[in-house]
Amino acid sequence: DTGYNIDNSLKFEADNSEYMHYTPSGQTDYERMAFSVWVKRTELSTAQLIMEFGNGTANTSNLRIGFDTSDRLFCYGNSIIWRQTNQVFRDTSAWYHLFFLFDTTTPGGVSNNRIRIWVNGSMIDHGDFGTLNNPGSGSAMGFNNSLKQSLGRQTEDATSYFCGYMAQVYGSGGTPPVVGDFGETDSDTGIWIPKDISDITPPDAAGFNLDFSTSGSLGNDISSRNNDFTLVNIAAADQATDTPTNNFAILNPLFKYPGSQVINEGATLVTRTSGSGLNKTFYTTQGVTSGKWYIEAQLSGSHGMVGATTMTSMSSYAPDGTYTGTQSTDIGYYSYNGQYYIGASGQGAWGE
């Protein structure tokens, strides 16, 4: 309990072409904007946009924020990559808070201050970008009138769909808030944690605040601006309770055997496909060392096994012959014979 808890997030799945959009109006300040979002990734090494802000009639002039095929964070506009990090974002077990400030009035007279990016409350130093370019002084940024703004994909080309979860999504033009309005460092753990932003009113009419709290209206803007988003291929079932303050274990796309196996639906669904080896093995993103734990899973095949095992002898990929029920430290359930396993031997029917 952090004192403030985020109750819901929204799951995005590229395989289902899921995204949402709105078209703002009433924007008056085009030189300044802020964008804040919590994200948890479930697929890596593919180009994925978090959001694209319509900024002109040409697709290349739009402002794009997302991850590239090398899992680096970037922002792009006017046919130029403005920022691209050296840092990669490949931790699928974690939530990241990303905060962007755009101000082409050149704060402090420093051109590099026209774009500033914070990750988990820490601003990325200008020297830590692999690519560092700046929009022109006085350039118009996003939230342009009558142009579509898309959350979860590239607008014009219908590509680069996002895979993962988003929570507490905020955007505004005009005099922007600061990163400290959205999060703070927990004094006990040193971890960046979210703040309640429900009372923040976007300073410009085109702003929005999405909390995904209503399953029947996931595009609802809870701010007084009422800039509701239109859903595309998103259903009530895409509302999730995996949030920055209630982080769930999900299937780990970095640790599966063989690597060709398919994980999707917010890394909660695995589809066993053909490939080398008889056994297909998957691990979750969270390990434990003590305490009492439980696992919820639905097995759709006749030979599924789910449970817990130690990782002391594992290689970087789960080997074909090692799965729950083969090691002395295992505990789990095998759907083929209905037995539970402690160690490498069946112990009888579940419930006995």
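Begin by selecting Arg72 and Asp68, whose side chains meet in a salt bridge at 2.9 Å, N to O, a salt bridge being a side-chain nitrogen of Lys or Arg within 4 Å of a carboxyl oxygen of Asp or Glu. Arg72 counts as partly exposed at 26% relative accessibility, whereas Asp68, at 10%, counts as buried; buried means under 20% relative accessible area, exposed over 50%, and partly exposed in between, with a 1.4 Å probe and protein chains only.

Before moving on, note that this is a predicted model, in which local features need pLDDT of at least 70 and side-chain atom pairs count only at pLDDT 80 or more, while totals for chains, interfaces and linings use all residues. Residues are numbered from 1 along each chain as its sequence is written, and side-chain values use heavy atoms, with hydrogens and water left out.

Next, select Asp71 and Arg41, which form a salt bridge at 3.1 Å, N to O. Asp71 lies in the loop between strand 5 (63-67) and strand 6 (72-77) and Arg41 in strand 3, so the pair ties together parts that are 30 residues apart in sequence. Strands (E, at least two residues) are DSSP runs, numbered from the N terminus. Both Asp71 and Arg41 are buried.

Now go to Lys11 and Glu265, where the closest N and O atoms of the salt bridge are 2.9 Å apart. This pair links distant parts of the chain, with Lys11 in strand 1 and Glu265 in the loop between strand 20 (262-264) and strand 21 (269-271), 254 residues apart. Lys11 is buried, with a relative accessible area of 8%, while Glu265 is partly exposed at 24% relative accessibility. A search of the whole structure finds 8 salt bridges.

Of its 10 residues, 10 are buried, so strand 13 is largely enclosed by the rest of the structure. Strand 1 (residues 9-12) pairs with strand 13 in the antiparallel sense over 3 bridges, pairing being assigned if DSSP finds at least two bridges between two strands; here Phe12 stands opposite Gly164.

Then show strand 3 (residues 32-41), which runs antiparallel to strand 13 and is joined to it by 8 bridges, with Met33 opposite Gly173. Finish at strand 16 (residues 208-210), which pairs with strand 13 in the antiparallel sense over 3 bridges, and where Leu210 is the bridge partner of Val169.

Technical notes:
Helices (H or I, at least four residues) and strands (E, at least two) are DSSP runs, numbered from the N terminus.
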